[in-house]
Amino acid sequence: MGKLLVSVFLVTFLFFLGHNVEGLGVNWGDISSHKLPPKDVVKMLQENGIKKVKLFNNDDTILNALAGTGIEVMIGISNQLLKDLVNPDVAMKWVKENVTRYEPKSPKGVNITLIGVGNEPFLRDYKDTLTNVTGPALENMQNALNDAGLGDTTKATVPLNADVYLSPSWNPVPSAGFFRSDIVDPLNYILKVLNKNKAPFMVNIYPFLSLFYGNGAFPFDYAFFDGVSNPLKDKDGVEYSNCFDANLDTCAAALAGAGYGNMTIMVGEMGWPTDGNPYANVTLAEKFYKGFVSYLAKGKGSPRRPGYIDAYLFALFDEDRKSTLPGNFETHWGIYYDDGTPKFPLDLRGNKKNLVSVPNVEKLSKKWCVIKPDVKNFTGLMSYACDRADCTPLTNGSSCQNLSDADKASYAVNTYFQNQQQQNGTCDFEGKATTTTKDPSQGTCKFTIGFKTLTSLAPSSSPSDHSDAKAPSSSSTSHLASKSLAFASIGIFFIVSIFFM
């Protein structure tokens, strides 16, 4: 998601009589029209005890904000660069410009511990375009780190989708896991490099997507950590009460079958969205995260991988400029709203303290943009607004689906108005809209208020002519050419889903 993905990397320890979760880390993505100041975000990370972050790029402002904090940082490299990294000189230059210059071994530098070479490059959607370049790119990157004297503390790995392994249809249990036949050779290349350099195998696991792609066939309770009445039975009496354990152990079995049974597994992305789908809501997200954090804190692990598990939660913030091609939930993966406020209470440290907000965020005036009562035709203005702001909460199964047509139009123009920092002329729409100080929120549908930011969109007045505008679709925001296509979740094949069908 492609999902900074912002992720959470959790290393858990037991303290006193209770279970604490220490060493918190997050996927910190930035495909957003309004970004919070990195220094303030870092303050929030520290306040919450978050000690690890995973970035999807090498944003200089973010990295400088992390300098001297001791927070462990993983930097991502885009898939577009993989072909270039087949050249060792390119890898050496990249390390010099993006790792060495941040002095990762200095207390005052950026504590860069991992480099993500590409993101889910073996997705079937890529049609083998990256299959034969990923391994050499990984090897060159690790060699460049070694040559720079950083290889002992900074490791290169490849974040992979869970569709790289599966179990046979005639024996759909975790212990029968194996890697896809079409990628065996390039994956073995990667495994040899990882093993030689004692680097982790990283995979993204999404129980939510099992429900989403299962279309009602996937057992609901298996996506969570509360236990089930009918666990999956593997050989030797091993039982699985949640699909995370089953998925992780399918991966472990595949690694063992390839000759790397002791290789460390890290979960690169693990999360639950809060809007854009009937399963994507705050209530279920809170249930999932609290269950997962408790699971990690116990340190029990899975049947094949007992002990503490390293996992990055996805993600830190909502990202309104992500593509909605995988689903309308793609812009809603954050445990925080884009204004830096938590979506639900969550204790990540076992000290009965919930997540704290990003400091110094200044909200805009308490006013909203709404459609005037006498307006009956909303098609043109909704299309204009939704092509420039995130209207996914209006789609079927989302938080605002039950609004009237007029109220949906009001939601659309208000979202646009707030994105434009409430500037003059952005709540007019040819006289069809006006501002109000009465909150128009209804039920689960929240009409937001914007916040001051240095990265807002360029000012844009309401349209003077809607005659050529097309009616909004269920994923109208995905039509924006300016929105980067993120593959954090597209093409996921969560093989565990077949275990319970």
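The link between Cys 369 and Cys 427 is right-handed, with 90 degrees about the S-S bond. This pair brings together distant parts of the chain, 58 residues apart: Cys 369 sits in strand 16 (residues 368–371), while Cys 427 lies in the loop between helix 10 (405–419) and strand 17 (433–436). The S to S distance is 2.0 Å, and both Cys 369 and Cys 427 are buried. The model is a predicted one, and its disulfides come to three.

Another disulfide joins Cys 386 to Cys 391, with 2.1 Å from S to S. Here the torsion about the S-S bond is about -90 degrees, so the link is left-handed. Buried means under 20% relative accessible area, so Cys 386, at 2%, is buried, and Cys 391, at 5%, is buried too.

Cys 400 and Cys 445 form a disulfide as well, their sulfur atoms 2.0 Å apart. Its torsion is about 90 degrees, which makes this disulfide right-handed. Cys 400 belongs to the loop between helix 9 (379–386) and helix 10, and Cys 445 to the segment after strand 17; these distant parts of the chain are linked across 45 residues. Cys 400 is buried at 1% relative accessibility, and Cys 445 is buried at 1%. Counting the bonded cysteines in sequence order gives the pairing 1-5, 2-3, 4-6.

Key
Residues numbered from 1 in each chain as written. Predicted model: local features only at pLDDT ≥ 70, side-chain atom pairs only at ≥ 80, totals over all residues. Heavy atoms only, no water. Disulfide = S-S within 2.5 Å. Helix = DSSP H or I, 4+ residues; strand = E, 2+ residues; numbered from the N terminus. Buried < 20%, exposed > 50% of the residue type's maximum accessible area, 1.4 Å probe, protein only.
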